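Please look over the sequence and the model below before reading the report. The notes are arranged by site.

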Amino acid sequence: MSEIQSLTLRRPDDWHLHLRDGEALAAVLPFTARQFARAVVMPNLKPPVTTVEQAGAYRQRILKAVPHGLQFTPLMTLYLTNVTAPAEILKAKASGFIVGCKLYPAGATTHSDAGVTAIEHIYPALEVMQECGLVLQVHGEVTQPEVDIFDRESLFIEKTLAPLTERFPYLKVVFEHVTTHKAVEFVQQARQGVAATITPQHLLHNRNAIFQNGIRPHYYCLPVLKRETDRQALINAATSNNPRFFLGTDSAPHAQHTKENACGCAGMFSAHAALELYAEAFEQAGKLDRLDAFASEHGADFYGLPQNSGEVVLERTEWTAPEHYPFGQDRLIPMRAGEKIHWRVRTEHSA
Ligand code: DOR
Ligand code: ZN
């Protein structure tokens, strides 16, 4: 059988991305801007992006860091807290550059300590979001330390997300970085207006990757990688052409020493090879022809934004991901560091 050698896609978007700030932002943004036209930029900075003013200033810093000659539009989101005011939500909608608000259950993940401690606290904000059409982006894990880490997503669906989607029947909800077959089933069966993003790491790896011949901190992210049966469910969902599932890398850079640590940070950096890694996952499933819709159509349609014009070309070319990238004064270890990757994006800007 002759293998396909190149694949042309509509220019894609990343619907879930961590860009950080300052030197870290400058180090990682070019990777994303090279492939993606737009990205939803997560607000879990320190301090978090909780106001329209902060989001506007952060947006300007991002725009300044876009390499010359590249077109990239950051789509901003506000970090919900127990005290987010409905007036701030209206202001966010009016800004035109904020597309949603992010729910971090307090303590669920990196920089989530200012997050929401009980869902009732954000009912007034959700009411207004539902009315004005801002999207709720959800980190879907319960936070009680006694709950098994592998069950936190499933329990969140039962305790919080399912009731929430019923209580606010018109609220648009993105269940971010789904990791389990239960999450896939929930999204498939949920009411209209519920969708999910899926990361490359959850499509390509199961939890064995974290423990292969030793402990591998660069495979640690939250929600944590799950079982092989879960991974299979994610592959089926991503490649099913169901418009409820779309691309969100959750690329989350951390300095090398903060991951290779007795208490290492959660997050995998994938922006250097995002589309290439998704292409591998889709090809393994024999569904490369479905990548375009997942990467470049479903997300825009869900958010009610135009699909991009322009194209990117993926070529079948073997290259080796660098062992590390510069990251301010530190180093950043990318996904698949030092290993072969089988696709490469060619853009009009690439060498
Ligand atoms: O692994 C993760 N890293 N999961 C998250 O939810 C946050 C992210 C980060 O900001 O590092
Ligand atoms: Zn994230």
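## Zinc site

In this predicted model, the zinc ion (ligand 2) is held by three residues, with His 16 and His 18 each coordinating through NE2 and Asp 250 through OD, at 2.0 to 2.1 Å. Along the chain these donors follow the spacing H-x1-H-x231-D.

## Surroundings of ligand 1

Around ligand 1 there are 13 residues, of which Arg 20, Asn 44, Thr 109, Leu 222 and His 254 come nearest. An oxygen atom of ligand 1 lies 2.8 Å from an N or O atom in the side chain of Arg 20, and an oxygen atom of the ligand is 3.0 Å from an N or O atom in the side chain of Thr 109. On the backbone, a polar atom of Ala 266 is 3.0 Å from a nitrogen atom of ligand 1. The protein covers 100% of the 290 Å² of accessible area that ligand 1 has on its own.

## Asn 206 in its loop

Asn 206 is found in the loop that runs between helix H7 (200–204) and helix H8 (228–238). Asn 206 counts as buried because its relative accessibility is 16%, where the cut-off is under 20%. Its side chain reaches the backbone nitrogen of Asn 208 at 2.9 Å. Leaving aside neighbours within four places in sequence, Asn 206 is in contact with Leu 225, Lys 226, Arg 227, Glu 228 and Arg 231.

Terms used: Residues numbered from 1 in each chain as written. Chains lettered and ligands numbered in written order. Predicted model: local features only at pLDDT ≥ 70, side-chain atom pairs only at ≥ 80, totals over all residues. Heavy atoms only, no water. Donors = N, O, S within 2.8 Å, 3.2 Å for Na, K, Ca; no water. Helix = DSSP H or I, 4+ residues; strand = E, 2+ residues; numbered from the N terminus. Buried < 20%, exposed > 50% of the residue type's maximum accessible area, 1.4 Å probe, protein only. Polar contact = N/O pair within 3.5 Å; in protein donor to acceptor, adjacent residues only side chain to side chain. Contact = heavy atoms within 4.5 Å. Near = heavy atom within 4 Å. Areas by Shrake-Rupley, 256 points an atom, 1.4 Å probe, with all protein chains shown as cover.
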